[in-house]
Structure formats: C-alpha cells, structure tokens
Amino acid sequence: MSRLRIYAETDGAVALATHVAHADIAAALRAVGIRFEQWEAAQPIAAGASQDEVIAAYRTDIDRLMREEGYRTVDVVSLTADHPDRAALRQKFLSEHTHAEDEVRFFVAGSGQFTLHIDGKIYDILCEQGDLIGVPDGTRHWFDMSEQPNFVAIRLFNNPAGWVANFTGDDIATRFPRMTPGDTAASG
C-alpha cells in the first residue's frame, strides 16, 4: 500500500499528516503540483519480462503521458537486492537534487521512496506496484530504494540522455526517514 507522510522541513521526527488512501495521496500531491496516478497492465507480465514486454503492457498510459507532456523516450529499470552495485546506486540518489526535466517513474513491481522538498515541507511518498509519480523539473527531491532494493520501474524522459542530477549541496535528506527493506505503508 502506498503512503504519503508530510513533515515540516525542520522536523523529520514527527509527521504533520499521513495518508494511505490513493485518492488522498493524489489530492495532497496535486495541491503542490505533483502527478500521482495508479495504472493497471493491459496484459499479464511474467517475472523476468523483457523491457519491450513491460512497455507493451502499459503502452496506452505511456502514450497518453508522452502526448500530454512531450516525453520523448521510455525505458525500464530493474534493481534487486543481489545487484553487486546496489549500495553505490542507492547512494547516488540519496542526496537532495533537482533535474532540468520532469522525473517520471511508474512502479511495475516492488517499491521506492521519493521525498520532495516543496514550500517548507517534506513530502515522503512510498510508491509501490501500480503507482506513477511525476516530479516536475526543478523540484528539490531525493530517492531511496532501501539497502535491499527490489523494483521494476518504467521511466519517461524529455532528454534522450536520461537521468541528469543537479545536486543542491543541502544535507536535508540526512534528517528524514529512509526506506528500510520490506517498508510498506502498513509498517511505516
């Protein structure tokens, strides 16, 4: 189950609000300009499916977003706990950064935690299977996949070069909860 916790940017210990109903999460995020949707596959996806098979299962929603937002490329990324570079990959995303383009991720399987820094608040979103998050360009944020990552995600880009981060140099991400292995809305 997905979860949104909202904090004051000065206090990572006590959430001001917590939402677990998708409609409530989407409404709270929409109020600060963040897209949050749920998608369903148009066809079954087998474990170990190819990138083309995964994209085909969600082609209708992918095409809709590409038309609406002008995204030019799409790919699939997958990471599991046995990946030899998982610690380095996790570290790469844990510091606050921005992008010159939207960061759009759809979780085909598994989960990940996007944390957004907007207007003096921190929006900590646990995204799980079926969730799409669209973080507009210039939004300060970080991403955690936990020490034991397990996810398959579709990524959409405007820039064919893909993921390019502009790090803020602010250590704020160290003062807010990280994702733990097995983290779910029910456990957090």
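User: Hi! Which residues does Y123 touch, not counting residues up to four places away in sequence?

Analyst: Hello! Y123 touches L4, R5, I6, L29, V32, F114, T115, L116 and I118, leaving out residues up to four places away in sequence; contact means heavy atoms within 4.5 Å. This is a predicted model, where local features need pLDDT of at least 70, side-chain atom pairs count only at pLDDT 80 or more, and totals for chains, interfaces and linings use all residues. Residues are numbered from 1 along each chain as its sequence is written, and side-chain values use heavy atoms, with hydrogens and water left out.

User: How many residues are in the largest nonpolar core?

Analyst: It has 26 residues, and those with the most contacts inside it are L4, L29, F36, Y123, I125 and I133. A nonpolar core is a set of buried Ala, Val, Leu, Ile, Met, Phe, Trp, Tyr and Cys residues joined through side-chain atoms within 4.5 Å. Buried means under 20% relative accessible area, exposed over 50%, and partly exposed in between (1.4 Å probe, protein chains only).

User: Which elements each supply at least two residues of this core?

Analyst: They are β1 (3–8), α1 (22–30), β6 (103–118), β7 (121–128), β8 (131–135) and β10 (151–157). Helices (H or I, at least four residues) and strands (E, at least two) are DSSP runs, numbered from the N terminus. Apart from this core lies another, of 16 residues, including I62, F106, V108 and L132.

User: Back to α1. Which of its residues are buried?

Analyst: I25, A26, A28 and L29. Seen down the axis of α1, they fall within an arc of 165°, so they line one face of the helix. That arc is taken from the directions from the helix axis to the C-beta atoms. The face turned away from the buried side carries the exposed residues A23 and R30.

User: And what covers the buried residues of α1?

Analyst: The cover includes β1, β2 (17–19), β3 (35–38) and β7.

User: New topic: where is D119, and what is its phi?

Analyst: D119 sits in the loop between β6 and β7. Its phi is near 50°, a positive value in a residue other than glycine.

User: Is D119 buried or exposed?

Analyst: D119 counts as exposed, because its relative accessibility is 76%.

User: What about S146: where is it, and is it buried or exposed?

Analyst: S146 lies in the loop between β9 (140–144) and β10. Its relative accessibility is 2%, so S146 counts as buried. Phi of S146 is near 75°, a positive value in a residue other than glycine.
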